[in-house]
Amino acid sequence: MAVLFQYGFLQRAVLAGVFIAVACAVLGVFLILRKDAMIGHGLSHVAFAGVALGLFLNVLPLAAALAVSVAGALAIMRLKDRAGLYGDTAVGIFSSLGLAVGILLATLAGSFNVDLMAYLFGDVLAIDPLEVWLSVGLAAVVLLAVALNYARLLFMTFDRESARVSGVGIGRLDALLMVLTAVTIVLGMKVAGILLVAALIVIPAAAGLQLASSFRMAVVLAAAVAAFSVIAGLALAVRLDVPASASVVIICFLVFAVFSLAKGKSILPGR
Amino acid sequence: MDLIKASGVTFSYDGTPVLLDVSLSIREGDFLAIIGPNGSGKTTLVKILLGLLRPSAGRIEIMGRPLHDFTDWRAIGYVPQKATHFDPLFPASVEEVVGMALLSNSQILGPGRGRSKGTVVRALRQVGMEPFRSWRIGRLSGGQQQRVFIARALVTRPRVIFLDEPTTGVDAETQSRFYDMLDRLNKDEGITIVLVTHDIGIVNRHVNQVACLNQRMSYHGSHEEFCRSEAFRDMVGQGDHLVAHKH
């Protein structure tokens with residue numbers, strides 16, 4: 001693993017990757033417990049439309065993806081509230097629409113090329129210094145926003161009705177969570193790619209939830225799993241010369257599997 | 001003094017009337033039961049009083065202020081009807097469940113830390129659940145969970161607590177201890193209690209005010225007068241049993 005700290009491009013990849021993955025994992029705990037785990041998957045497809053729009057209009061794809069994903073997240077929330085749809089139907093609708101629009105725009109732009117593939121499959125090892133600071137900064141903003149609203153988010157996730165009676169602004173908080181998720185998904189594209197970024201939201205959080213006996217412990221474990229998976233996954237990618245996004249996600253899954261087995265054997269105290 | 005006052009409240013679900021011209025006043029120190037058969041609008045009335053539902057007509061005042069102007073929600077505690085129907089695998093400890101109502105961000109360091117620690121422990125002690133503070137909420141029995149939810153309602157030191165069918169599915173002995181605890185909170189700590197129930201046996205043993213609802217308010221007043229009222233005879237006639245006794 002020492003190799004990760006010998007080269008500038010690897011240091012940048014670790015720094016950005018850890019920050020982004022931790023932000024994904026922390027949000028993931030809230031989303032899974034709200035039964036919104038698939039929102040990450042849906043928003044990644046919406047982000048694909050944003051990337052394609054950026055390539056089509058010849059503007060920064062990351063910025064276009066950010067704008068389109070935030071708009072998509074708020075639209076999903078609004079559709080769920082207003083149309084009375086079941087479960088993840090709104091996510092399914094926007095997920096398909098995002099992919100369709102993305103394919104259309106990418107075809108019109110003639111940009112099914114290396115650029116688009118980097119967004120689809122992730123290319124954290126090629127991240128440049130500006131993108132690193134942008135990613136670290138935005139991930140820090142996401143984590144700060146969660147920290148500042150921690151008790152409200154927890155209350156709303158556990159018991160929406162009682163939280164409303166206690167004066168928690170449910171609508172505003174729902175919107176905040178959706179916007180933070182959209183921002184994090186766009187950041188995560190660089191680490192895991194559009195096709196795998198949802199894994200950074202779901203798997204570390206699911207792993208943390210396997211062993212946690214308190215909410216705080218779930219958040220801490222999820223963040224730790226995410227950070228470990230990025231570091232170990234990058235080391236594996238460099239060592240075996242395989243795609244970093246795939247190795248990060250596979251490490252995430254292996255940790256989840258170990259935690260699930262540990263839960264079955266009750267190796268940790270959990271009264 | 002009226003803590004909560006509702007005047008002429010009317011409410012419909014999809015055109016079906018649920019409440020018609022209902023008025024109610026809750027005074028400081030009351031132990032009020034809102035009773036009535038299933039579907040009589042008890043839960044709907046409570047949700048309207050708490051601002052969770054908007055009535056089609058009528059006016060609500062809380063602590064002298066119109067509902068839409070009221071902001072001091074820490075003065076109101078609420079235990080919803082399905083409080084114990086949460087996901088049993090939800091990874092929240094007892095002290096996290098109680099502490100979440102404080103809305104304090106310092107809890108990210110741990111619910112039992114900082115200024116919130118003493119407040120959470122005090123609320124758990126009030127309901128006899130302090131020894132279980134580090135337990136996961138899903139591992140407690142239904143009766144214990146209800147006590148924790150009461151502690152969550154108490155943690156902000158409210159003036160009034162609403163409980164909607166709090167002992168559904170709880171055995172008789174646990175129910176008895178639960179209502180004794182509510183008696184203590186009402187008499188010893190002066191907390192106003194509003195209890196939604198369809199069990200008028202509980203009404204007889206514990207409350208001092210009764211609101212009898214069946215779309216319209218058929219009775220609203222003291223427990224003693226209720227036992228002599230037509231509303232009481234109607235309920236007994238429906239097969240419910242209530243033995244009058246003096247508080």
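Which residue in β9(B) is the bridge partner of B:Leu32? The partner is B:Gln209. This is a predicted model, in which local features need pLDDT of at least 70, side-chain atom pairs count only at pLDDT 80 or more, and totals for chains, interfaces and linings use all residues. Residues are numbered from 1 along each chain as its sequence is written, and chains are lettered from A in the order in which they are written.

Strand β3 (residues 31–35) of chain B runs parallel to β9(B), joined by four bridges; helices (H or I, at least four residues) and strands (E, at least two) are DSSP runs numbered from the N terminus, and two strands pair if DSSP finds at least two bridges between them. Of the six residues of β9 (209–214) of chain B, five are buried, that is, with 20 or more other C-beta atoms, placed from the backbone, within 10 Å of their own. On β10 (216–222) of chain B, β9(B) pairs antiparallel over six bridges, with B:Val210 opposite B:Gly221. One residue separates the two strands of this hairpin, and B:Gln215 in the turn has a positive phi of about 70°.

An open antiparallel sheet has the order β2-β1-β4-β5 in chain B. β2 (16–27) and β5 (65–66) of chain B each have a single partner strand, so one side of each lacks a neighbour in the sheet. Eight bridges link β1 (2–13) of chain B to β2(B), including that between B:Val9 and B:Val22.

Finally, 26 residues of chain B are in contact with 27 residues of chain A, contact meaning C-beta atoms, placed from the backbone, within 7 Å. β6 (76–79) and α2 (94–99) of chain B each give two or more residues to this side of chain B.

Notes
Contact = placed C-beta atoms within 7 Å. Buried ≥ 20, exposed ≤ 12 C-beta atoms within 10 Å, placed from the backbone.
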